[in-house]
Amino acid sequence: MKDDALQQYARELAEELPGARSGHSFGPDWEVFKIRDKVFMLITDITGEPLVIIKADPEYATMLRNQHKEITPGYHMNKRHWITLHSGGALRKKIVDDLVTDSYLLVVGSLSRANRPIDPETFLRSKRL
């Protein structure tokens, strides 16, 4: 994806997720997406390039970094649990869609059942249809 198309696509995906909210809680250079006050995605241009930073399962994150030069450890985040998506490469929309959704579901799954806006299993099944 080229230039800010990656950020715009990730933003649109995140805005469609149940209960997701965005704001600038880390300052004007950081668009922060949260579910029940827990971050699942950040968007910034602070390095001079458009970045999307998302949560990922550590083993999956390692595999992704090895397979895609556009995926690196999470910028200013825990390098084991977060990855950064860079634009200008060969990342397909389907991969970005899956990664944004996975990040959201990782955070939703960490919430108590009473605080979850959706059931992660039901959501996954409905998304696959």
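Is T84 buried or exposed? In this predicted model, T84 has a relative accessibility of 1% and therefore counts as buried, the limit for that class being under 20%. The residue is placed in strand β6, which spans residues 82-86, and its side chain reaches the backbone nitrogen of Y75 at 2.8 Å. Once residues up to four places away in sequence are set aside, the residues that T84 touches are L51, V52 and I53, together with E70, I71, T72, P73, G74 and Y75.

The side chains of E31 and R11 are joined by a polar contact of 2.8 Å. Beyond its neighbours within four places in sequence, E31 is in contact with R11, with S22, G23 and H24, and with M41, L42 and I43.

The largest nonpolar core comprises 31 residues, within which F40, M41, I83 and L85 have the most contacts. At least two residues of this core are supplied by each of α1 (5-16), β2, β3 (38-44), β4 (51-55), α2 (58-67), β6 and α3 (93-110), and the largest share, seven residues, comes from α3.

Technical notes
Residues numbered from 1 in each chain as written. Predicted model: local features only at pLDDT ≥ 70, side-chain atom pairs only at ≥ 80, totals over all residues. Heavy atoms only, no water. Helix = DSSP H or I, 4+ residues; strand = E, 2+ residues; numbered from the N terminus. Buried < 20%, exposed > 50% of the residue type's maximum accessible area, 1.4 Å probe, protein only. Polar contact = N/O pair within 3.5 Å; in protein donor to acceptor, adjacent residues only side chain to side chain. Contact = heavy atoms within 4.5 Å. Core = buried A, V, L, I, M, F, W, Y, C linked by side-chain atoms within 4.5 Å.
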